[in-house]
Amino acid sequence: MSSQPPDRARVIPLRPPAARPGVPASAPAAVPTPVPAVSRRAAREPLWRDLVGDVLRRERQAQERTLKDVADSARISMPYLSEVERGRKEASSEVLAAAAQALGLSLGDLLTRAQGELVRLAGRHPAQSRATPASSYDGLCLAA
């Protein structure tokens, strides 16, 4: 056995302690604790692609259909549809319409369900437009 002390991990901060705002130069560098992905996600509004992907996946699973079956029916590659369902890809309106149609939905149905999820997750109701305060239309409009 060696009489040398055991190796210790050496932490090299990306910024020197003096360069960090609010930390005096003599203070020891604190090791940041990782923030779980769940709490990071809860702190911000959900992304549209996540909502649409969740709706597509839930509908597919409710119909007890496989990813391959829906992808073949929609004429989309299976890996791409999987990425869309997981919110990793921002699908075009044509891809979303094809996936919705393969599930027996219209594009409007898909977007309405995604809007409902957005309202539910954001914990608020859609704002009323100033131009049409008496309007009973509760829809969604996407413009490119």
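**Briefing: helix packing and the nonpolar core**

The buried residues of helix H5 are Leu96, Ala98, Ala99, Ala100 and Ala102. They pack against H2, H3, H4 and H6. The structure is a predicted model.

**The nonpolar core**

- The largest nonpolar core has 21 residues, and those touching the most other members are Val52, Leu56, Ile76, Leu81, Leu96 and Leu110.
- At least two residues of this core come from each of H2, H3, H4, H5 (93-102) and H6 (107-122).
- H5 provides the largest share of the core, with five residues.
- In soluble globular proteins, nonpolar side chains tend to be buried together.
- Leu56 is in contact with Val84, Glu85, Leu96, Ala99, Ala100, Leu103 and Leu110, when its neighbours within four places in sequence are left aside.

**Helix H2 and Leu51**

- Helix H2 spans residues 48-62, which makes 15 residues. From its first C-alpha to its last it reaches 21 Å, close to the 21 Å expected at 1.5 Å a residue.
- The buried residues in H2 are Asp50, Leu51, Val52, Gly53, Val55, Leu56, Glu59 and Arg60.
- Leu51 lies in helix H2. Its relative accessible area is 1%, and buried means under 20%, so Leu51 is buried.
- Not counting residues up to four places away in sequence, Leu51 touches Pro46, Ala114, Glu117, Leu118 and Leu121.
- Leu51 and Glu85 stand 34 residues apart in sequence, while their C-alpha atoms are 8.9 Å apart in space.

**Packing of H2 with H4**

- The axes of H2 and H4 are 7 Å apart, and the two helices pack at an angle of about 115 degrees.
- On the H2 side the contact is made by Arg49, Gly53, Asp54, Leu56, Arg57 and Arg60, and on the H4 side by Ser82, Val84 and Glu85.
- By class, the residues of this contact are two nonpolar, two polar and five charged.

**Packing of H3 with H4**

- Helix H3 (residues 67-74) and helix H4 (residues 78-85) have axes that come within 9 Å and cross at roughly 110 degrees.
- Angles from 65 to 115 degrees count as roughly perpendicular, and H3 and H4 are therefore roughly perpendicular to each other.
- Leu67, Lys68, Val70 and Ala71 in H3 meet Met78, Leu81, Ser82 and Glu85 in H4.
- The contact of H3 with H4 has five nonpolar, one polar and two charged residues.

**Residues with positive phi**

- Most residues other than glycine have a negative phi.
- Glu64, a residue other than glycine, has a positive phi near 55 degrees.
- The relative accessibility of Glu64 is 74%, and exposed means over 50%, so Glu64 counts as exposed.
- Arg75 is not a glycine either, yet has a positive phi of about 60 degrees. Arg75 is placed in the loop between H3 and H4.
- With a relative accessibility of 78%, Arg75 counts as exposed.

Methods:
Residues are numbered from 1 along each chain as its sequence is written. This is a predicted model: local features need pLDDT of at least 70, side-chain atom pairs count only at pLDDT 80 or more; totals for chains, interfaces and linings use all residues. Side-chain values use heavy atoms; hydrogens and water are left out. Axes are lines fitted to C-alpha atoms, for helices over the stretch in contact, and angles run from 0 to 180 degrees between N-to-C directions. Helices (H or I, at least four residues) and strands (E, at least two) are DSSP runs, numbered from the N terminus. Angles under 35 degrees count as roughly parallel, over 145 as roughly antiparallel, 65 to 115 as roughly perpendicular and the rest as oblique. Contact means heavy atoms within 4.5 Å. Ala, Val, Leu, Ile, Met, Phe, Trp, Tyr, Cys and Pro count as nonpolar, Asp, Glu, Lys and Arg as charged, and the others, Gly among them, as polar. The expected span of a helix is 1.5 Å times one less than its number of residues. Buried means under 20% relative accessible area, exposed over 50%, partly exposed in between (1.4 Å probe, protein chains only). A nonpolar core is a set of buried Ala, Val, Leu, Ile, Met, Phe, Trp, Tyr and Cys residues joined through side-chain atoms within 4.5 Å.
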